[in-house]
Amino acid sequence: MSKSQTEMGKTRNIGIMAHIDAGKTTTTERILFYAGISNRIGEVHDGAAVMDWMEQEQERGITITSAATTFFWDKHSINLIDTPGHVDFTIEVERSLRVLDGAVAVFCAVGGVEPQSETVWHQADRYNVPRIAFINKCDRVGAEPDRVVKEIHERLGANPIVIHLPHALEGDFNGIVDLIHERSRVWDETSSGLDFKDEEIPEHLKDQANEARNVMIEALSDVDDEICGKYLEQEPISPEEIKNALRRATLGQKAIPVLMGTAFRNKGVQNLLDGVLDYLPSPLDIPFIQGVHPDSGETIDLKTSAQEPLSAVAFKIMTDPYVGQLTYVRIYSGIMKTKDSILNVTKGKQERVGRLLRMHANKREDIDQVSAGDIVAAVGLKTTTTGDTLSALNTPILLEKITIPEPVIGVAIEPLTKEDQDKLSKALMKLASEDPSFRVTSDEETGQTVISGMGELHLEILVDRLRREFNVNADIGTPQVAYRESISKAVDCDKKYIRQTGGRGQYGHVKIHIEPSEQGEGFVFINKIVGGTIPKEYIPAVNKGIEEAMSRGVLAGYPVVDVKVTLIDGSFHAVDSSEMAFKIAGSLAFQEGAKKAGIRLLEPMMDVEITSPEDFMGSVIGDLNARRGRVTSITPRSTVQVISAVVPLASMFGYSTDLRSRTQGRANYAMQFSCYEDVPASVREDVVSKTQGSS
């Protein structure tokens, strides 16, 4: 049976996103406990969390892969994806947000809006995902929910509307005032938060609650006409009207409802689940899916309905020890059944669905078919990778792709034995198919295998998985920074490639204009050939030759980025010209032109935020300066100082150990990629000489 529209309206596809240590996985564990999926509460610090099922996750107390699970709450079906908070696993957040309808952003009441909170928030902005906010850890010393609300407004540019008021903070936190229903909710400590009482607002909080409710209604009247009319006329506004208006504002991304609690102490999680149903969208709230026809490029609109042709996105690949490769799929329209033949539109290949599984973290349940609005795992898809669109065979549609970040760090990996060599290549292929932000390349000069990723922790976890899951023993080199090259100014270059041999010769002649493009724009190729001075069948060969030259680099072998090349003229020979000749001519012209244009060496810069007690500030800032860092701001936050800085990645290896020793283990830091910047002349010479020395 396919899903009815009513059932679809009672479905939520949500993710939980946050900065590392905001309590995201603890919140997820409590959700599963109250929803009846787990019969006991798993703790992250005990390595017993249900959603963190990988060994590495349990040991480190962090989430690495986005695990999917399905549960029920108040007659609604909720597909939940718990995403990692560590910046090294940003692809996990990116691909989850691509397929989710709504998200819960968890903030720590002490830490507030932290660097990775901003990253995931902007990722959600990019995919237009409606959100609600949960301010967690209200029981912690130094909890300041009011400051966190202010930071959500100022640092994230959002419009937070507070619907809860804490009874008290820190150790006295025992419940909240529900501003919408004007009642108090207090949780029972002895029942693991299963029991709670709804009662009158305590006398000492009544004035504060009235004031907070007025602020909530005023904020809502700014974004909702119905509430605005009643507010101006001073008419009574019912809880149902407030909830409906909040839902409209959340779906229209005009407001973020803010809820409060402490997941670890089992308070506020049931309200959060009610908030998911009340304010976050069902698949029906996204009425149309827009894609294009893969051949004609024509725009296609499909309704979110089981009656439409199949359209789906594969958003995650996972190797399962029991069933082989699992492909996580979000169904946008139509129905998918086991044994169906479907089309991988991205690859232009036919696939067959072997099994369909409803996932509960790493446990599973077989189902015969799924329809619009569902998130499931499929077994048997052989060519499908992250971001591929799947459709019915006779109605192809290509949906929006997933943005995959470029790796910033690489290490050489050498297998210890011949047996390890064979196992290594298979294991790396599997890991690369699971994680698109992980790249495997071969260094032609040295013959080494180089693995690249988003940070030291990312590569450390992958190497650990190679050893444990695939039994591969290998030596790992020191981390290498992913430098880039670019050009300084615009130049023209005229290049002929002529080779005369005994038989047919080679002739290719191109004239190109090379200029720098905007940062992040990548490579742009423009063809301005008129009058057939170069036959059009040779133009793609010129483009390919330039791309190959860019990938090899000109100065130190690093890829060239952010360049615009215009093909303006050239000539050909009726007999001797060929695609190969024009490809070589394009490559030589680019190399020669780039040298004339002046090569800039670029290095990845990282946004670093360090939270340190006041006593160690001098030492921390002095160390940042020594690492070529620029301090951009220092902000007091309760008992500590928060230092924001931009530092070259090359200077940040081993920083966590250094910072701990400088601050007696009392400081911590978060780091994420910011941009590429020019390498200073003194460092540039060192990088170039090292590269040339190793080749």
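Biologist: How many nonpolar, polar and charged residues are in the lining of the second largest cavity?

Modeller: This is a predicted model, where local features need pLDDT of at least 70, side-chain atom pairs count only at pLDDT 80 or more, and totals for chains, interfaces and linings use all residues. Residues are numbered from 1 along each chain as its sequence is written, and side-chain values use heavy atoms, without hydrogens and water. Rolling a probe the size of a water molecule over the atoms shows where empty space is left. A cavity is a set of points, on a 1 Å grid over the protein atoms alone, where a 1.4 Å probe fits but cannot get out; lining residues have an atom within 4 Å of a point. Here the lining holds seven nonpolar residues (Ala, Val, Leu, Ile, Met, Phe, Trp, Tyr, Cys and Pro), three polar and no charged (Asp, Glu, Lys and Arg are charged, the others polar).

Biologist: Which residues line the second largest cavity?

Modeller: Among them are Ala68, Asn79, Tyr328 and Met359.

Biologist: Which residues touch the most other members of the largest nonpolar core?

Modeller: In soluble globular proteins, nonpolar side chains tend to be buried together. A nonpolar core is a set of buried Ala, Val, Leu, Ile, Met, Phe, Trp, Tyr and Cys residues joined through side-chain atoms within 4.5 Å; buried means under 20% relative accessible area (1.4 Å probe, protein chains only). Phe71, Val104, Phe107 and Leu220 touch the most other members among its 98 residues. A second, separate core has 41 residues, including Leu431 and Val687.

Biologist: What share of the chain is buried?

Modeller: Of its 695 residues, 55% count as buried.

Terms used:
1 Å grid on protein atoms, 1.4 Å probe; cavity = no way out; pocket = protein on both sides within 12 Å on 5 of 7 lines; lining within 4 Å. Buried < 20%, exposed > 50% of the residue type's maximum accessible area, 1.4 Å probe, protein only.
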